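Here's a quick briefing to read with the structure open beside you. Take it one topic at a time.

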Amino acid sequence: MTQAIERTTPDGVVCPIEIEDDRTGLSVETLKRAFADNLFFIQGKYDSIATPNDHYMALSYTLRDRLLQRWLKTLKTYAEQNVKHVYYLSAEFLMGRHLGNSLINLDIYENVRQAMEESGLNLEDILEMEPDPGLGNGGLGRLAACFLDSLATLEIPAIGYGIRYEFGIFHQSIQDGWQVEIPDKWLRGGNPWEIVRNNETVEVKYGGHTEIYHDDKGRPHVRWIAAQSVMGIPYDTPIPGYDTNTVNTLRLWKAEAGDDFNFQAFNSGDYDGAVASKMRSETISKVLYPNDNTPQGRQLRLEQQFFFVSCSLQDLIRRHLSLNPSLDNLAEKAAIQLNDTHPAVAVAELMRLLVDEHNMDWDKAWSITQQTIAYTNHTLMPEALEKWSVDLFHSVLPRHLEIIYEINHRFLSDIQSWYPKDEDLVARVSLIEEGAEKKVRMAHLATVGSHKVNGVAALHTELLKKDVLRDFYHIWPEKFNNKTNGVTPRRWVLLSNPKLSALITEKIGKDWLTHTEQLRQLEQFINDREFCDRWRQVKQQNKQKLARYILNHTGIEVNVDSLFDIQVKRIHEYKRQHLAILNVITLYQRLKENPQLDITPRTVIFGGKAAPGYFMAKLIIKLINSVGNVVNRDPDVHGRLKVVFLPNFTASQGQIIYPAADLSEQISTAGKEASGTGNMKFAMNGALTIGTLDGANIEIREEVGAENFFLFGLTTEQVYAMKAEGYNPQTWYSDNIMLKTVIDRIAEGDFSPGQPDLFKPLIDSLMYHDTYMLFADYQSYIDCQDRVAEAYRNQEQWTRMSILNSARVGKFSSDRTIREYCQDIWYVNPIKIKLEEYKQDKAGIHEF
């Protein structure tokens, strides 16, 4: 609320002054007052005893107040208009830090910076105090976060549903070159962004058995008698759009016991037993992706997935019924998107809720379920297409197994009717995999229970049609479509790379932030010497920033004039970080053979986490660090080659890394990467890509031009053909002298003094299997890296290529992706939010 008062000047002139409300005002003076109030009244600190975390908390509450005004108006508008919502179900939401993103989306970054400066504080220091919630493991969770940003920016009614993990993905420490996992205590200092909604708690059941009963009309029904129940507590976080009044909701569920303290057990001296129920229940939302190498770990994973799915579906049904007389029109008001197979049990749970809890007949419930749910597949890797043992499913979710069997029975009956001559088709498409241990195929369940199934890059979608879900595509070709992933330019350029953003905006205006196709206008400046010089200066300043970060976190000093060759992503054999380290050893071998060799100086930077139970990935991390330990200390190298492994790669670390990269490593085996989004972030920030024809690399290359992309390696068709013919990696090893030298150096312990067999499991895997075709792609990769080195010597041409990469990747904004989802899958429209001036007398309690 703005108040008008009058002030009389010394010469007698009466001047009106407007004073903003301290909760909603955006001026520098108002922000200063609000910050000081929050520091005093919420944090309970005065300036001289306030800690840096107090400053962060106070400023975050200041921003949250401004978001709340928009958030509540958004919720009110949606309810009044009874709009259709997108419900995005994801096991991961890797949001990154909220404060900086909120500042840019509210367009008050400069005002807040000035307010903090006038308060004697540095905004950058405050931003660094925010923990980076590790509620995801990589691209899947980061994509979900980008989608929420775009949904709000495009004014699409949406709620993100997930789990409020007490400990997110582990904090990665590197000790003696090995990854060590440390709990990620992201909630330790408090979370100012979330609001708990205890009144909307839901109950989730597990175990037990089912029984049949009859209603008063003699009709049979099934009752689930559960053995255990857990309470789901919702925690809401505001998600603001850019340059709009829309603020959508991320709702994360925390598991708690219904009765969390057994007083009788406590009084009898059984102190552990008194809180056993509480501990068991809270385990469900304790850790992101518990290790599933044990039966207990697998059960916990299934319990986690069902927990957030059941909470979310019960919640959206409650919302629907608060505005509609029945669930008959659920599909007209709700679009449920399954982000990969983790939430696939939603098909069975929605059927249970409709049939068992709301007494809907099966056929009607099935029609609503299929019309409401859509499924995004994110992987071609067999191990990621989740399957649960039937015995485990029966133990944890007995009613859902019955429902899955019924869905399968009806589906297979249709298949036998539609395709009577294909006797094997029934087994191939069944929701149940037969064998020594029967398993529930979750990807099949998601496909059968959805009205749309999409891949996340053009190649990925084609491979789904031709391979992974081939039979389903043959049955329902109309279900399948492609939605190439995208990333938000607000976080990944505007926030991460402010100097480049300012340069772009100076030249083409700021509309590119929501219409990235306008970046094409930068092409007119590729021969403008002043513009190119400034582009290069921005890149150099970003490299200097990263170099300082590397020095502070690893103690390694790097040459900012060298080629920054970067690969940061989840560590996995198919992503082939070990291929990149083979190139490092190749360059090192050349220098050892000829110390006077004139090579392009190169800093090779790695980052990423290995799953705790994935030994080979952890061994790759050890190899990278071991090679770096030798190369970085060798006087023959003279600083011309450096290897860096940055520990604990996070979204916030990515905001420093992507703007500084010269070369983006996207080198997965063709046909293995679904899409990739790191490739898009690098390209938007002007990095050139070295990559295979895999995932979204293909589309990036099409957009930026083949001449601005360093291509190497086998195609997907060649990979399949070579394996069909009987690929023998030892032949490639024997026929390539340099490859043999490189592998032998590792095998003989040159990078593991005193432990010659340290890397034997990795070497044996390559020599006898080489599942991901490193040996077959090695020489092509080395030759391509030589072309990269030569191109980097011509800085003027490299800069032009860099500009063209940024200019031509506008397609890869998540805004474009979301528009396509809205048009082709969700059938939802934007809703304009009209912000009203906040008035205390119209908020909260009224006197009568």
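**A buried arginine**

Arg-399 sits in helix 15 (residues 398-418); helices (H or I, at least four residues) and strands (E, at least two) are DSSP runs, numbered from the N terminus. Keep in mind that this is a predicted model, where local features need pLDDT of at least 70 and side-chain atom pairs count only at pLDDT 80 or more, while totals for chains, interfaces and linings use all residues. Residues are numbered from 1 along each chain as its sequence is written, and side-chain values use heavy atoms, with hydrogens and water left out.

- Is Arg-399 buried or exposed? Arg-399 is buried, with a relative accessible area of 7%; buried means under 20% relative accessible area, exposed over 50%, and partly exposed in between (1.4 Å probe, protein chains only).
- The side chain of Arg-399 makes a polar contact with the side chain of Asp-356 at 2.7 Å, and another of 3.0 Å with the side chain of Glu-402.
- A polar contact is a pair of N or O atoms within 3.5 Å; within protein, one must be able to donate a hydrogen and the other to accept it, and residues adjacent in sequence count only if both atoms are side-chain atoms.
- Leaving out residues up to four places away in sequence, Arg-399 touches Thr-210, Val-222, Trp-224, Arg-352 and Asp-356; contact means heavy atoms within 4.5 Å.
- His-221 is 178 residues from Arg-399 along the chain, and their C-alpha atoms are separated by 12 Å.

**A buried serine**

- Look for Ser-430 in the loop between helix 16 (425-429) and strand 16 (432-433).
- Ser-430 is buried too, with a relative accessible area of 6%.
- The Ser-430 side chain makes a polar contact with the side chain of Asn-408 (3.1 Å) and reaches the backbone oxygen of Ile-432 at 3.0 Å.
- Not counting residues up to four places away in sequence, Ser-430 touches Asn-408, Leu-412, Arg-441 and His-444.

**The nonpolar cores**

- The largest nonpolar core has 114 residues, and Phe-307, Phe-393 and Trp-826 touch the most other members. A nonpolar core is a set of buried Ala, Val, Leu, Ile, Met, Phe, Trp, Tyr and Cys residues joined through side-chain atoms within 4.5 Å.
- Helix 10 (residues 295-323) gives the most to this core, with ten residues.
- Among the residues that Phe-307 touches are Val-204, Tyr-206, Trp-253 and Ile-284.
- There is also a second, separate core of 67 residues, including Leu-579, Phe-606, Val-637 and Phe-759.

- Six strands make an open sheet in the order 22-21-20-23-24-25, with parallel pairing; two strands pair if DSSP finds at least two bridges between them.
- Strand 22 (641-646) and strand 25 (710-711) are the edge strands, each pairing on one side only.
- Strand 20 (residues 563-568) pairs with strand 21 (residues 602-607) over six bridges, and Asp-565 stands opposite Val-604 in strand 21.
- Strand 21 and strand 22 also pair over six bridges, where Val-643 in strand 22 is the bridge partner of Val-604.
- How many residues of strand 22 are buried? Six of the six are, so strand 22 is largely enclosed by the rest of the structure.
- On one side of strand 22, Leu-641, Val-643 and Phe-645 are buried, and on the other Lys-642, Val-644 and Leu-646 are buried.
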